[in-house]
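Subject: Handover of a structure, with notes

Dear colleague,

Please find the structure below, followed by notes on what was found in it. The terms are given with their cut-offs where they come up.

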Amino acid sequence: MNAVIYARFSSSAQREASIEQQINVCTTYAQQNGYTILQTYSDRAITGRTDQRPQFLQMIKDAREGRFCAVIVYALDRFSRDKYDSARYKHDLRQNGVRVVSATEPITDNPSGILIESVFEGLAQYYSAELSQKIRRGNEDNARKCLASGSIPYGFRRS
């Protein structure tokens, strides 16, 4: 069974090693489950809340050629953090005989798997929205206190 791996991380503050770690786990999963990896697609420092990810879109396009039957991801939140995009692209992939497989989340092919998969997708979108809200709140609080968020701007020093 031919498959591809898709990996991504969200922000420039994250480490490049994240992609390597995801690929290692996915490769091990593929070997243990009889998949032959044809290609790896990866997007760096691009949120999963958008589908505007070059390697992701290329993978969707390549799926139409019928060269692979599965996309292996570390976890479903690597595929998308938007449950609507996730449903739309998974439907497109299924139309081309391709399924999305999580290397770390056991999702069965029976009716309970449908429920579990939708819970994982909902949790991914919830986590992203909640984290964004917390970061925004922290940045606003820092601004009210005249504090820098992140690194200190050039020309300033800690008092």
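Throughout these notes, buried means under 20% relative accessible area, exposed means over 50%, and partly exposed covers what lies in between, with a 1.4 Å probe and protein chains only. Under that scheme Ser118 counts as partly exposed, because its relative accessibility is 39%. Ser118 lies in helix H5, where helices (H or I, at least four residues) and strands (E, at least two) are DSSP runs numbered from the N terminus. Although Ser118 and Ser86 are 32 residues apart in sequence, their C-alpha atoms are 9.8 Å apart in space.

Please keep in mind that this is a predicted model, in which local features need pLDDT of at least 70 and side-chain atom pairs count only at pLDDT 80 or more, while totals for chains, interfaces and linings use all residues. Residues are numbered from 1 along each chain as its sequence is written, and side-chain values use heavy atoms, with hydrogens and water left out.

Strand E1 (residues 2-8) is mostly covered, with six of its seven residues buried. E1 pairs with strand E2 (residues 36-43) in the parallel sense over seven bridges, where two strands pair if DSSP finds at least two bridges between them. Within that pairing, Arg8 stands opposite Asp43 in E2. E1 is also joined to strand E3 (residues 70-73) by four bridges, and these two strands run parallel; here the bridge partner of Ala3 is Ala70 in E3.

Aromatic pairs

A search of the whole structure finds four aromatic pairs. Rings of Phe, Tyr and Trp (its six-membered ring) pair if their centres lie within 6.5 Å, and planes under 30 degrees apart count as stacked, over 60 as edge-to-face and the rest as tilted. The rings of Tyr6 and Phe56 have centres 5.5 Å apart and planes at 70 degrees, so this pair is edge-to-face. The pair links distant parts of the chain, since Tyr6 belongs to strand E1 and Phe56 to helix H2 (residues 54-63), 50 residues apart. Tyr6 counts as buried because its relative accessibility is 0%, and Phe56 is likewise buried, with a relative accessible area of 1%.

Phe56 takes part in a further pair with Tyr89, in which the ring centres are 5.1 Å apart and the planes stand at 85 degrees, so that this pair is edge-to-face. It too links distant parts of the chain, with Phe56 in helix H2 and Tyr89 in helix H4 (residues 83-95), 33 residues apart. Tyr89 is buried, as is Phe56. Tyr6, Phe56, Phe79 and Tyr89 form one aromatic cluster.

Salt bridges

The search of the whole structure finds five salt bridges, a salt bridge being a side-chain nitrogen of Lys or Arg within 4 Å of a carboxyl oxygen of Asp or Glu. One of them is formed by Arg88 and Asp51, whose closest N and O atoms are 2.7 Å apart. This pair links distant parts of the chain, with Arg88 in helix H4 and Asp51 in the loop between E2 and H2, 37 residues apart. Arg88 is partly exposed, with a relative accessible area of 40%, whereas Asp51 counts as buried at 13% relative accessibility.

Arg67 and Glu65 meet through their side chains in a salt bridge (3.5 Å, N to O); Arg67 counts as partly exposed at 38% relative accessibility, and Glu65 as exposed at 53%. The side chains of Arg81 and Asp77 also meet in a salt bridge (3.0 Å, N to O), and Arg81 is buried, with a relative accessible area of 9%. Salt bridges that share partners join Asp77, Arg78 and Arg81 into one network.

Surface patch

Leu115, Val119, Leu123, Tyr126, Tyr127, Leu131 and Ile135 make a nonpolar surface patch of about 670 Å². Patches are made of residues with over 30% relative accessible area and no salt bridge, like charges being joined within 9 Å and nonpolar side chains (Val, Leu, Ile, Met, Phe, Trp, Tyr) within 5 Å; accessible areas come from the Shrake-Rupley method with a 1.4 Å probe, and for residues only the protein chains shown count as cover. Leu131, one of the patch residues, is found in helix H5 (residues 111-144) and is partly exposed, with a relative accessible area of 36%.

With best regards
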